[in-house]
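Subject: Structure handover and notes

Dear colleague,

Please find the structure below, together with its sequence.

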Amino acid sequence: VAGLLAHSLALITDAAHMLTDAAALAVAIVAARIAQRPARGAYTFGFARIDALSGQASGITLLLLAVWFTVQAVRRLISPDGVHGGVVAIVAVIGIAANLLATSLAGRADRTSLNVRGVLAHLITDIWAFAATAVAGVVILTSGWTRADPVASLVVAAIMAWTGWRLVQAAGRIFLE
């Protein structure tokens, strides 16, 4: 809502990424429960690979969002919108605090799990995304350069693409064992 009110693609990007975080957390919880099921019937290995499947889904989601945000950011660079820097900066700082807390809590889980690594990757990229958005908000406030908002979105998209690619690669290695 703040992204729409402030006309900030960076805040909208952050919000969409946080929605994927919530989905990744939900999938991680379900995957952890499914992975605990014993092997039976046609599933002689059990459901241990569900962890990798969950991590791969998180990675693919990040990659798809990165492409979409890149397209939107390029559009905003070509045709900038009036962005309210104060709202952007304040919401971004709140986002940083919320994600630091969530990362601290999620960091207590088993980090050898690709599933957990996927969740942490989402949260850590959110911290960096909100940091880039906070910088963009300050730049807009101090200089009026509204293109800082889509530039921040491009930074976020690059972080998301890098993290997503690494998760997809890690899941691929597990599937090829």
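The notes below go from the whole chain to single residues.

This is a predicted model, in which local features need pLDDT of at least 70 and side-chain atom pairs count only at pLDDT 80 or more, while totals for chains, interfaces and linings use all residues. Residues are numbered from 1 along each chain as its sequence is written, and side-chain values use heavy atoms, with hydrogens and water left out.

Overall picture

The protein has six helices and zero strands, where helices (H or I, at least four residues) and strands (E, at least two) are DSSP runs numbered from the N terminus. Read along the sequence, this gives the pattern α-α-α-α-α-α, and the C-alpha trace spans about 65 × 30 × 20 Å along its principal axes. Of the 177 residues, 42% are buried; here buried means under 20% relative accessible area, exposed means over 50%, and partly exposed lies in between, with a 1.4 Å probe and protein chains only. Among the contacts with a separation of 6 or more, 80% are made by residues 24 or more positions apart, a contact being heavy atoms within 4.5 Å.

The accessible surface comes to about 9,300 Å², of which 71% belongs to carbon and sulfur atoms; the areas come from the Shrake-Rupley method with a 1.4 Å probe, and for residues only the protein chains shown count as cover. As for charge, the mean positions of the 12 positive and 8 negative charges are 7 Å apart. In that count Lys and Arg are positive and Asp and Glu negative, with His and the chain ends not counted, and each charge is placed at NZ of Lys, CZ of Arg, CG of Asp or CD of Glu.

The salt bridge

The structure holds one salt bridge, defined as a side-chain nitrogen of Lys or Arg within 4 Å of a carboxyl oxygen of Asp or Glu. The side chains that meet in it are those of arginine 76 and aspartate 149, at 3.9 Å from N to O. This pair links distant parts of the chain, since arginine 76 is in helix H3 (residues 50-78) and aspartate 149 is in helix H6, 73 residues apart. Aspartate 149 counts as buried because its relative accessibility is 0%.

Glycine 59, in helix H3, is buried, with a relative accessible area of 0%. Not counting residues up to four places away in sequence, glycine 59 touches Gly164, Leu167 and Val168, whereas its C-alpha atom is separated by 20 Å from that of alanine 10, 49 residues apart along the chain.

Helix H5 holds aspartate 126, which counts as buried at 0% relative accessibility. Leaving aside neighbours within four places in sequence, aspartate 126 is in contact with Asp14, His17, Met18, Asp21 and Asn99. Alanine 129 is also placed in helix H5, and at 0% relative accessibility alanine 129 counts as buried. With residues up to four places away in sequence not counted, alanine 129 touches Asp14 and Val156; from serine 54, by C-alpha atoms, alanine 129 is 22 Å apart in space and 75 residues apart in sequence.

Surface positions and a loop

Threonine 142 lies in helix H5 (residues 114-143) and counts as exposed, at 65% relative accessibility. Valine 155 lies in helix H6 (residues 148-175) and counts as partly exposed, at 38% relative accessibility. These two residues, threonine 142 and valine 155, are 13 residues apart in sequence and 20 Å apart in space, C-alpha to C-alpha.

Valine 155 also belongs to a nonpolar surface patch of about 250 Å², made by Trp145, Val151 and Val155. Patches are made of residues with over 30% relative accessible area and no salt bridge, with like charges joined within 9 Å and nonpolar side chains (Val, Leu, Ile, Met, Phe, Trp, Tyr) within 5 Å.

Histidine 7 is placed in the loop between helix H1 (2-6) and helix H2 (9-35), and at 35% relative accessibility histidine 7 counts as partly exposed. The phi of histidine 7 is near 60°, a positive value in a residue other than glycine. Most residues other than glycine have a negative phi.

Best regards
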